[in-house]
Amino acid sequence: MKKSALQQARATYQPKLPVVLTGGAVEAIAGQPTESVANQAEIKELFPNTYGLPELHFEKKQNSTRSANLEAKPINVGVILSGGQAPGGHNVISGLFDGIKKIHRDSRLYGFLMGPGGFVDHKYIELTADYIDQYRNTGGFDIIGSGRTKLETKEQFDKGLEILRELNISALVIIGGDDSNTNAAILAEYYKAINAGVQVIGCPKTIDGDLKNNVIETSFGFDTATKVYSEVIGNIQRDCNSAKKYWHFIKLMGRSASHIALECALQCQPNVCIISEEVEEKNMTLSEVVDSIADVVARRAANGDNYGIVLIPEGLIEFIPAVKALIAELNDLLAAKAADFATVEADKQREWVINQLSEANAATYESLPLGVARQLTLDRDPHGNVQVSLIETEKLLSEMVAKRLDQMKADGKYNGKFAAQHHFFGYEGRCADPSNFDADYCYGLGYTAANLINAGVTGYMASLRNLTLPSVQWIPGGIPVTMMMNMERRHGAMKPVIQKALVKLDAAPFKKFASKREEWAMNTCYTYPGPIQYFGPAEVCDQPSQTLKLENQGL
Ligand code: FBP
């Protein structure tokens, strides 16, 4: 395989491990027993074997001797990449590999191919040192591939156990987002209940940044993806400020939460950034969102500025309260009547849906542009989510803004020119070579997962804390997954799931944005973050995201 000059240079990068994990053996120190974030009684009943476990952190083993290490036994470990790609997955796997090899040089690592499906179908490869070396510090999940098969049934768990037994695997590491880690916890509980002798450990992955809480500071991939988007947004801002003739409507990935849009806004200072969580909190309608953008366009036009930048989170549509209520009813309806719906001819589906819905939701459904309404009834992903990345919200909003401006012009309230360009940034950020932050974070997560396995625990997520300090000072540990869970409605029934972290309107990142947005709307205050730098001074190369800095260190 031909390698670019950067690939070759990057291959030699040695991720910086927390100092605790370097040198001799470590021991897991247990904190207090934990409780789930909500619905404690229900979660406890569903997870009798893995509920209430203590948080763990690692410390260097006192008086660790070489003979203690010699007592260690080789461990065979399986690893799965689950869900959407996120920069750094390859480093989790290389950290895991190096970690289990350090525990015992005869330990072996097997990668299940194309996500959880490979586990169920017994498709795997052994990950050897030579193979892993080709992937160190690279983006992508192509080392073993990823997939969105949902691991949820007893049959799948039992089928997976067959291959684990065949390969003598005693621990499985699932690298995934909130849904995949929820399933990892269910699998851990099941294997523990049947005494299968298999530990299950999760790792927090998703560019969306919505798998985080008091104990998991961020998911990996968010840092790199937002840096890639911010580079390109910055470039568009410069183009925009040079030609001064377009309004750019930029949709950014993030299926549900608006963390990506908010982070890019903090990095780039655009004229408008919509935050879905605020739209929901203020109970805004779609037309009020449009009005808010048209208002900025008109006020800038009054100053002679017929150009600007609007950032739109891809999950927006689901946060407009009326649309949210509609989607909730559609989810239940399509789950309950999937067979009936499948028999309805394509041109009759709209009418069928309208007839089944309650009056209020039917009215919302009818008011949506045809393409958007149709998208809401199409197949969910295997976790039951509407595939919002397929809804062209950036075009929908700019068309509605153009109409609104026409009205305003007719009313004498706007006298400018409006020409729009549309962009969607999502996939281009998911497989970038990990930033130094993500390279270190991911390698450390994999290494921590190896130590959790060595500590004999199950139902834990690998964690690194103190992430705004230099990576050598990060604190490795493990968090019981049940601690992050609550009950939510999925596919028409209440299920235990990891609570998704949405943008908090009372937290520092949003407050900083809110305090600046009027200035950014009217003045042109664009910043240009430029491309990710892999080599050079730490203040350029090793900076964590603005979100993390603001969350950990405040305004
Ligand atoms: P994960 O939650 O699995 O990490 O995926 C997040 C994401 O990148 C979203 O931002 C986006 O909406 C979705 O995946 C796209 O999914 P797909 O890759 O299946 O098109």
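1. Strands β14 (residues 485–490) and β15 (residues 493–498) run antiparallel and are joined by six bridges. Strands here are DSSP runs of E with at least two residues, helices are DSSP runs of H or I with at least four residues, and both are numbered from the N terminus. Two strands are taken to pair if DSSP finds at least two bridges between them. Within this pair, Asn486 stands opposite Val497 of β15. The two strands make a hairpin with two residues between them, and His491 in the turn has a positive phi of about 50 degrees.

2. On provenance: this is a predicted model, in which local features need pLDDT of at least 70 and side-chain atom pairs count only at pLDDT 80 or more, while totals for chains, interfaces and linings use all residues. Residues are numbered from 1 along each chain as its sequence is written, and side-chain values use heavy atoms, with hydrogens and water left out.

3. The ligand is surrounded by 13 residues, and the closest are Gly84, Asp208, Glu314, Tyr427 and Arg430.

   - Glu314: a polar side-chain atom at 2.4 Å from a ligand oxygen.
   - Lys205: a polar side-chain atom at 3.0 Å from a ligand oxygen.
   - Gly254: a backbone N or O atom at 3.3 Å from a ligand oxygen.

Of the 480 Å² of accessible area that the ligand has on its own, the protein covers 85%. Accessible areas come from the Shrake-Rupley method with a 1.4 Å probe; for residues, only the protein chains shown count as cover.

4. An open sheet is formed by four strands in the order β9-β10-β8-β11, with parallel pairing. Its edge strands are β9 (272–273) and β11, each of which pairs on one side only. Two bridges link β9 to β10 (residues 308–313) in the parallel sense, and Leu311 in β10 is the bridge partner of Cys273.

5. The side chains of His423 and His248 are joined by a polar contact of 2.8 Å. A polar contact is a pair of N or O atoms within 3.5 Å; within protein, one must be able to donate a hydrogen and the other to accept it, and residues adjacent in sequence count only if both atoms are side-chain atoms. Neighbours within four places in sequence aside, His423 is in contact (heavy atoms within 4.5 Å) with Ile236, His248, Phe249, Ile250, Lys251 and Glu394.

6. Helix α16 (residues 349–356) has Trp352, Val353 and Ile354 buried. Buried means under 20% relative accessible area, exposed over 50%, and partly exposed in between (1.4 Å probe, protein chains only). The buried residues of α16 pack against α14 (321–336), α15 (338–343), α17 (359–367) and α18 (370–377).

7. Leu330 is in helix α14 and counts as buried because its relative accessibility is 0%. Apart from neighbours within four places in sequence, the contacts of Leu330 are Val353, Leu357, Tyr365, Leu376, Thr377 and Arg380. Leu330 and Thr377 are 47 residues apart in sequence, with a C-alpha to C-alpha distance of 7.2 Å. Gln375, in helix α18, is also buried, with a relative accessible area of 11%. Beyond neighbours within four places in sequence, Gln375 is in contact with Gln387, Leu390 and Ile391.

8. Leu262 lies in helix α10 (residues 259–268) and is buried at 2% relative accessibility. With neighbours within four places in sequence left aside, Leu262 is in contact with Cys273, Ile275, Val503, Pro509, Phe510 and Phe513.

9. Most residues other than glycine have a negative phi. Lys244, in the loop between α9 (222–243) and β8 (247–252), has a positive phi of about 50 degrees and is partly exposed at 43% relative accessibility. Asn283, in the loop between α11 (276–281) and α12 (286–302), has a positive phi near 55 degrees and is exposed at 53% relative accessibility.

Methods: Near = heavy atom within 4 Å.
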